[in-house]
Structure formats: structure tokens, C-alpha cells
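Dear colleague,

Please find below the structure that I am handing over to you. My notes on it follow, arranged by topic.

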Amino acid sequence: KYIVLSVSIMWGVLANSEPFIKTDNLWLRTDIEALANLGVVKTPITTWPLTWGPVLKDLQNANVNSIPEQYHSTFFRVLRTGRRETGDDNAFTELRISASQEPQLLRYFGDKARDKREFSTRTSGMSNNFAWNLEVTLAPDSVDSDDKRFDGSYVSAIGGNWVFSLGQIEQWWGPGFQHSIILSNNAKPIPAVYLKRNYAEAFETPLLSWIGPWTFNGFIGQLDDQRTIDQAKLIGMSVAFKPFDSLEVGLRRTAQWGGEGRPETFDSFIDMMIGLDNCDEGSLSCEDNSNEPGNQLAGIDLTWRPNWVVPASLYMQTIGEDEAGYAPSKKSFLYGASLNAAVFDNPLMISLEYTDTKVDGDGNTPGEEFSGYNVMYEHGIYRDGYRYLGRSIGSTVDNDSLAT
């Protein structure tokens, strides 16, 4: 049995003031998903946090009369929220108190609290070119002894069509609602530098225009917890695009690199970027792993939004822990479907999801026994694995688990 009590006290010029749609609001995501399934929101929406700019642009360009009447309230609710949160020179302050019987060990999209008792305060604001959020959380008796943290804090600046940020921002890469195999809100956000494309405009050149609207997200952060290899870096890159209005494609990649006793040279970084990190590749030797550049995950997710009577999406994600033939191998899989409905003008979403974090045998040595266990988030050099403060950076169920 799990009971959560959460109380928020807010004041400010407006109800909120941030350029990002973050991972802690499942209701808002449900509305945006419904509008995307209806074809109203055309920008890619599987890489969170989203920026408000392209979502508002799609809503402002939409013909409301072409939207089924039962979704008009959904449309105007998102439009009002976006305009309110992105108004110029806004300021916002919030106090939040939450309590539960147990710490939240399994986290999904939309979750806020982590520990049994939390007291949080935050102040955010934005102008034409800058945005900030200062957030402090006190969590007595935290399960990971991180009793004071700054999760969610950031400062951002816009330059051209790019958003540069510095802080600790929760991310969620992929179409799933309960899991992302590669990057989710399960672990606490690490201190990082972020680069995000603001508007998802398509290329104008005919050679690349077929990609359609596209987004880019990248970051490099410091794993500052106690680890077998201290001060390791976490690097991530993601590109999402829509070659058709009904299809969104996400290409995802993350890597642990460097740290105490590990190479942090330019050549090592380039080897990591181009995928030369197996001991039998390039100048590397399986007898001496001192020059192996890192531990990588990479893969793809697909989201199909068929034009059915009931707005819906079908999606899948596959992430490989290894590489063979310049493609991900030793892969885990996620499959899901969601249906949207409006009941008395209130959004209703039904989501079904299947996740298996045991890996297949693709890319394994022929004839060698391979169980698929103890692989996905493990590594022979980075022995703490793909984790931060003891929690998986990917799926909330960690290694070798089946979840439906």
C-alpha cells in the first residue's frame, strides 16, 4: 500500500514561468499526446523536456474547426497553459510538501517526489532570452543519503534557434510513459551542460527536407556520486524527426566516458563518438583495457500515430548495449500503445506497455553460450554500471526485468 500526500503553495505574477514542458506533469503530456494523435501538434514530442515554442506555434496555426468538438477543451487548455507559462518577464515561487509511507522506488513519467518526506521550494522566471529555475529540496532520511539537493535547477539562454542550459534537468528520451530504456526520470538528474534545438523547423534543402521537422538534444554531465571510477562523464545525444505526419523517429545515444584513471584525451573522445570502444576494434587490445574510451548505449524508437476514429499511438524502442557492424547489438526492447478519449471534456488516456531489459544475443560470438542477463546496465570497467546514486539512468526496473 502506497499513500502520498502532497501540498503546494504558489504565488507569483502568473501560475508558472518556464520555457520547458518538464517530465513532472503527466496531465499536460496526456493533453499534448492527444493533440499529436489528432495531427494538431506536428513537432516531435518524444524527447522531454519539450520547449513550448514549437508546440504553441502548431496550436496557433491549427484550424480549431477541424478538431473534433470533444477535444476543443483539450486544445484551449494547452494553448492557455503555454501562453501563461511563456509570458515575458514572469516570476513564480512555489513551496511543496510531500509525505508518503514509503520512498518511491519505481518512478514513471509525471512523478515528482522521491523520498518519504520532502520539502521543496523553487523560484523561476524568464525574459525574452533568458530563463532560470532555482529549486532546493530537503529530504530527511533520504534513501541515498542525498538529503539536500538542487534537482530541477537551471539557467538557460537562447541564441538563434538554440537553447543553452546549465543545471540539473530531468530528461525522458522515448515514447514510453512508464519506461525509457536509455534515459528516464528514475535516477536523479546529474549536473550538466545542455544544448537543445528550439523550433523543429525542417531543412530547406531538398536533400534533407524529407526528414521533416526535427529536434536535437545533447548534454555532457558529471557523475559526481561515489563510484569505482570517480568523476566519470555522462554524454548524451538525441535526434528526433518526422518524415511523415504520422511517424516520429528517435535516434538516441549515451556514453559514460573518462573519470579517474581513464583516458580523457581528444583521441579517446573521438573513438567514443565514432563507436570504436570495443576491445577488438581500431588500436584497442582485449588484453589491455586501459585505453577503452567508454561504455555506450544506443538505439532507435518509432512512434506511429494512425488516423483512427479514436486518437491513438503505437510505439516501440530498442536500445543496444554493444555494437556490431556499426549498429546496436545486445538489445533490449519496449513496446506500447496508447488510446486517447475525452470524457465530459476531461482527458482520458489508456496506455499499455511491455518492457524487457534482458538483452538478445545479437552480435554475440557464434557458438558461445549467452543468457542475455547481467548485461544491459553493467560494464566491466564502469562497475557501478549505468546508474547514478544507485538508481538506473534508464528503465526504472533496472537490469534483467520484465514489466507490463
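Which residue caps the N-terminal end of helix 1? That residue is asparagine 25, whose side chain places an oxygen 3.3 Å from the backbone nitrogen of tryptophan 27. Please bear in mind throughout that this is a predicted model.

Helix 1 itself covers residues 26-37. Just after the helix comes glycine 39, which takes a positive phi of about 85°.

Positive phi values also occur in residues other than glycine. Aspartate 141, in the loop between strand 7 (130-138) and strand 8 (148-149), has a phi near 60°. Aspartate 398 has a phi near 65° and belongs to the loop between strand 21 (391-392) and strand 22 (402-403). Are these residues buried or exposed? Aspartate 141 has a relative accessible area of 63% and is exposed, because the cut-off for that word is over 50%. Aspartate 398, at 18%, counts as buried, because buried means under 20%.

The bond from tryptophan 48 to proline 49 is cis, with omega near 10°. Proline 49 is located in the loop between strand 3 (47-48) and strand 4 (50-51).

I turn next to the charged side chains. How many salt bridges does the count give? The count comes to 23 salt bridges. One of them joins arginine 122 to glutamate 18, with 3.0 Å from N to O. Arginine 122 is part of strand 6 (residues 117-126), whereas glutamate 18 sits in the loop between strand 1 (4-12) and strand 2 (20-21), so this pair ties together parts that are 104 residues apart in sequence. Both partners are buried: arginine 122 has a relative accessibility of 10%, and glutamate 18 has one of 2%.

A salt bridge of 3.1 Å, N to O, links the side chains of arginine 227 and aspartate 225, and these two residues are buried as well. In the pair formed by lysine 330 and aspartate 322, the N to O distance is 3.8 Å. Here lysine 330 counts as buried at 10%, while aspartate 322 is partly exposed at 25%.

Finally, I draw your attention to aspartate 301, which is found in strand 16 (residues 294-304). Aspartate 301 has a relative accessible area of 0% and is therefore buried. Its side chain makes a polar contact of 2.7 Å with the side chain of arginine 252. With neighbours within four places in sequence left aside, the residues in contact with aspartate 301 include Thr46, Gly174, Pro175, Glu248, Met316 and Gln317.

Yours sincerely,
A colleague

How values were computed
Residues numbered from 1 in each chain as written. Predicted model: local features only at pLDDT ≥ 70, side-chain atom pairs only at ≥ 80, totals over all residues. Heavy atoms only, no water. Helix = DSSP H or I, 4+ residues; strand = E, 2+ residues; numbered from the N terminus. Buried < 20%, exposed > 50% of the residue type's maximum accessible area, 1.4 Å probe, protein only. Polar contact = N/O pair within 3.5 Å; in protein donor to acceptor, adjacent residues only side chain to side chain. Contact = heavy atoms within 4.5 Å. Salt bridge = Lys/Arg side-chain N within 4 Å of Asp/Glu carboxyl O. Expected span 1.5 Å × (residues − 1).
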